Amino acid sequence: MEIKKYIKQLCEAFGPTGFERPVARLAAEAIAPYADEVSIDTLANVVAIKRCGIPGAHKLLLAAHLDEVGLVVTGHEDGFLCIGQIGGLDPRVLPDRDLMVLTDPPRLGVVSVQPPHVLKAEDMSKALKQEDLRVDVGLSQKEAVREIPIGTPVVFRTEGFDLLNDRYVSKTLDDRASFAALIRVAELIKDKQLPWDVYFIGSSGEERSEGGAPAAAYETDADVCIAIDVGQAAVPDSTPEVFADLGKGPLLKVGPNFTRHVEKRLTALAEKQQIPVQRVATPGRSGTDAWFMHIVKGGVASAIVEFPLRYMHSPTECLDFADVELTARLLAAYAEDPGKEALEC
Amino acid sequence: MLRTLKTLCLLNGISGNEDEVREYIKARALKHTDDVRTDRMGNLIVVKHASERCTACGADGNADPKQSAAPSRSNKLPKLMIAAHMDEVGFMVTRVTEKGYLGFAPVGGIDPRVVFNRRVFVGEKKLNGVTGLKAVHQTPAELRTEIPKWPSMYIDIGAKDKAEAESLVSIGDSIAFHSDFVRFGKGDGFIKAKAIDDRYGCAVMLKLIEKDLPMDVTFVFTVQEEVGTRGATAAAYSVAPDIALILEGTTSADLAGVDGHKKVTRLGDGPVLGFMDAGSIYDRKLFEGLRDLATENKLPWQIKGRIAGGTDAAAVQRSRSGVRVASISAPVRSIHCPNSVAKISDLKQGLKLAELFIDAVASGRI
């Protein structure tokens, strides 16, 4: 399977939080060949099911979110757009950024900046504030108000590209690359006899923690939920507590959000299959869908498996394909052989 | 012209490393004249001789014999040079870190606030790279107002370590922004691209070279404008013009909330005629000539609302015993950024005005 093809296709699509449905359709189509049933629910979650054939089977839920961080039009000034954030963005990535304004059809916008020729050195040493930034769409005030209503979402428009060593840069690797990993898991387990039904969820709403994933977990009534997401990788300006590195395998975000028996099983399977893993202590909120799925209904065993990502929430996120493959292999191993605790509760 | 401009903007030519741009322009120019040379600094000097078909033919003294039959007045025609710079702002590699990242420094004037999370091309092999900034999650809100200093910025090429990076990259390698060329806005009347400053001027000159001209014109595609108009200094000496017209992209700050003259120039208000900037006070008669030509031909024109920026005119004007200089510039938003924006109507009107200027010089009006 060409996992890269799925990553490119999904990540370059436009679907900020609250506007995921077009991406959900793409994702549903992509995973359909490997699933027994595929649907899109009320909140735009993709739900793909691989049945094991056992009546009243236990259920494993694997969730990767399809929404992306972005911006939203909040007003118009002299034909330029005022913007608010959807999800968490560092405003420093915005000046002079090319964007897609999601009108129908989508159109280009550029975050306008003053030319350096009229700025003083001290002007350039302080970041511009997001509320002071405006998006140039090449329209007059009248045209802008008419053609681009307040509430129109806006996203980055990076086309993916390769770095050395099978590393890849794109927007929205967080977290559509994880959904591509789920497609890979579905392929790996396609012809396997499974002990439980496996639900692949492409969740909505994660970036604002109002997630579609808990709704899907509620509907599914799963025994074990695993959020597949992206984790912080170290870069030169990182502080020492961020040490995970690209190419060294999936991250296990161990802590209260990570049910012990799942952690032990994943660790043992990784060892058996010689899949390197990087443990990341996560003492509280995990910042993933698992945080919310964990407490759905009477509670669900939960876990967080991530692959390391550089420059998260920027237009140029960076991953290593090897990590995506290793993550998929670890999850496939768990889906096939989860151990008795998972199937006992 | 837009197709030419697109091709030119997508080429990379950081100051001091303009080869790619020059080779493209040279190949195009050679289809229309044999008189093409590259000087020792890398300036490309293209002489387009007066067309025989032109009634107002002129020559600048040592023209070919066919033109010696031109009207006697032609011998008095001033030597006209038109210039635009090939180079663009960018970066260069200054070091390789233990972990295989690249340190870099700006070449030309770049606002450090526009360099984060950009795709860049490194060196002649055009290795993909991305300028880094740790993720928002790793940055407390109060630190998101800090702009890192140039020496602490870095480029990620995906190298595993220093040895791998050093096998592919050398200190001093050029780094160019990646940016596509897109039309957008009302009636697709705007473009966004990198290096509109000054591939616009280069595109206009290519269009002029392709036309039948009424007099000999020396077109100079200069190097190193962005680091101090250095190419133009040398080229003006060797060309020794009487009159020089500089074609440029100039600063526009006509953004939301910017008042009056602080906009400097406005997109859509037509070509910008140089009367004064930080580098030059332009020849008054030439400025007035351009202004009158525009007005008579119903072309909009504007002047800068702030005395800022400069052009190759500063170097040319002071060459030898002095040169009369004029400039026509396109107003450009986010100039020196990967996503500069210009309005197509301004670009086309600038080309038209440059043509009118040549005619006016050839006819002795200017």
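Colleague: Is the crossing of α4(A) and α8(A) left-handed or right-handed?

Modeller: The crossing of these two helices, α4(A) and α8(A), is right-handed. Keep in mind that this is a predicted model.

Colleague: How do I read the packing of two helices?

Modeller: Two packed helices are described by the angle between their axes and the distance between the axes. Take helix α4 (residues 173-188) of chain A and helix α8 (residues 321-336) of chain A. They pack at an angle of about 45 degrees, and their axes are 8 Å apart. That angle makes α4(A) oblique to α8(A).

Colleague: Which residues in α4(A) meet α8(A)?

Modeller: On the α4(A) side they are A:A177, A:A180, A:A181, A:R184, A:V185 and A:L188. The α8(A) side includes A:V324, A:E325, A:T327 and A:R329. By class, the contact of α4(A) with α8(A) has 10 nonpolar, one polar and three charged residues.

Colleague: At what angle do α2(A) and α4(A) pack?

Modeller: Helix α2 (residues 21-31) of chain A packs with α4(A) at an angle of about 20 degrees. Their axes are 10 Å apart. Angles under 35 degrees count as roughly parallel, so α2(A) and α4(A) are roughly parallel to each other. The crossing of α2(A) and α4(A) is right-handed.

Colleague: Which residues in α2(A) and α4(A) meet?

Modeller: A:A27, A:A30 and A:I31 in α2(A) meet A:F179, A:L182, A:I183 and A:A186 in α4(A). By class, that contact of α2(A) with α4(A) has seven nonpolar residues, no polar and no charged ones.

Colleague: Now the chains. How many residues of chain A are in contact with chain B?

Modeller: The size of an interface is often given as the accessible area lost when the parts come together. Here we count residues instead. In chain A, 56 residues are in contact with 57 residues of chain B. The elements giving two or more residues to the chain A side are β7 (107-111), β8 (134-136), β10 (161-162) and β11 (167-170) of chain A. The largest share, three residues, comes from β7(A). By class, the side of chain A that touches chain B has 28 nonpolar, 13 polar and 15 charged residues.

Colleague: Which domains does the assignment give for chain B?

Modeller: The domain assignment gives domain 1 (2-88 + 194-362) and domain 2 (90-177). The C-alpha centres of domain 1 and domain 2 of chain B lie 33 Å apart.

Colleague: How many residues of these two domains of chain B are in contact?

Modeller: 11 residues of domain 1 of chain B are in contact with 11 residues of domain 2 of chain B. By class, the domain 1 side has four nonpolar, four polar and three charged residues.

Definitions and conventions: Residues are numbered from 1 along each chain as its sequence is written. Chains are lettered from A and ligands numbered from 1 in the order in which they are written. This is a predicted model: local features need pLDDT of at least 70, side-chain atom pairs count only at pLDDT 80 or more; totals for chains, interfaces and linings use all residues. Axes are lines fitted to C-alpha atoms, for helices over the stretch in contact, and angles run from 0 to 180 degrees between N-to-C directions. Helices (H or I, at least four residues) and strands (E, at least two) are DSSP runs, numbered from the N terminus. Angles under 35 degrees count as roughly parallel, over 145 as roughly antiparallel, 65 to 115 as roughly perpendicular and the rest as oblique. A crossing is left-handed if the near helix is turned anticlockwise from the far one by less than a right angle, and right-handed if clockwise. Two residues are in contact if their C-beta atoms, placed from the backbone, lie within 7 Å. Ala, Val, Leu, Ile, Met, Phe, Trp, Tyr, Cys and Pro count as nonpolar, Asp, Glu, Lys and Arg as charged, and the others, Gly among them, as polar. Domain bounds come from an automatic or database domain assignment.
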